[in-house]
Amino acid sequence: MRGGRWADVPRRVRAVVAVTVAVFAYGTVVHLTQLYLGGLDPYPSMPGWLAVYFVSLTLLDPAAAVLLALRRRAGLVLGVVVLVTDALANAYANYVVDRAGGVTPGRVGQAVITALAVGLLLAAPRIAPWLSGRPLFRRPLADR
């Protein structure tokens, strides 16, 4: 993210986007690992709707990462939506579905995801002006 498409972007904005892309790449690996290890039912203790949401992150996380890396505003919007809904989904999983008391690894993870969601939500207005709202694919001139 040093040159080319990012050359005119302030270092702080590039740093926030780079960290965000890394977070989504990490999330992609986590969800792929859970699918690999869990097979057809990677979240057996979760309600079906919640399991479907967690599986969908296998596609949504890398989509947000790629769109952000391509400097698209849609990646920022998708990233905020994914992190906020992921924080809410993990809160439900860790405080409603999981009846264990005290601090658990899942609750620590949920706190981290919530902090990331709040951080990106607060940073979004400063990042958005540096991202493009143009479409990924342009229509041919004949169609315009």
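This is a predicted model: local features need pLDDT of at least 70, side-chain atom pairs count only at pLDDT 80 or more; totals for chains, interfaces and linings use all residues.

Colleague: Why is His 31 called buried?

Modeller: His 31 has a relative accessibility of 8%. Buried means under 20%, so His 31 counts as buried.

Colleague: Where is His 31 found, and what is it in contact with?

Modeller: His 31 belongs to helix α1, residues 11-38. Leaving aside neighbours within four places in sequence, its contacts are Tyr 43, Phe 54, Leu 57, Thr 58 and Asp 61. Contact here means heavy atoms within 4.5 Å.

Colleague: Which residues lie nearest the centre of the largest pocket?

Modeller: They are Val 30, His 31, Asp 86, Asn 90 and Ile 113, out of 25 residues in the lining. Two or more lining residues come from each of α1, α2 (48-69), α3 and α4 (105-127). Helix α1 gives the largest share, seven residues. The volume of this pocket is about 510 Å³.

Colleague: What makes Tyr 95 partly exposed?

Modeller: Its relative accessible area is 48%. Exposed would need over 50%, and buried under 20%. The value for Tyr 95 falls in between, therefore the residue is partly exposed.

Colleague: How do you know that Tyr 95 can be in a nonpolar patch on the surface?

Modeller: A patch residue needs over 30% relative accessible area, and Tyr 95 has 48%. Tyr 95 forms the patch with Trp 49, Tyr 92 and Val 96, with about 420 Å² of accessible area together. Three residues, the largest share of the patch, come from helix α3 (residues 73-97), where Tyr 95 is found.

Key:
Residues are numbered from 1 along each chain as its sequence is written. Side-chain values use heavy atoms; hydrogens and water are left out. Patches are made of residues with over 30% relative accessible area and no salt bridge: like charges are joined within 9 Å, nonpolar side chains (Val, Leu, Ile, Met, Phe, Trp, Tyr) within 5 Å. Accessible areas come from the Shrake-Rupley method with a 1.4 Å probe; for residues, only the protein chains shown count as cover. A salt bridge is a side-chain nitrogen of Lys or Arg within 4 Å of a carboxyl oxygen of Asp or Glu. Helices (H or I, at least four residues) and strands (E, at least two) are DSSP runs, numbered from the N terminus. Buried means under 20% relative accessible area, exposed over 50%, partly exposed in between (1.4 Å probe, protein chains only). On a 1 Å grid over the protein atoms alone, a cavity is a set of points where a 1.4 Å probe fits but cannot get out, and a pocket is an open set with protein on both sides within 12 Å along at least five of seven lines; lining residues have an atom within 4 Å of a point. Grid points are joined across faces, edges and corners, and a volume is the space filled by probe spheres set on the points.
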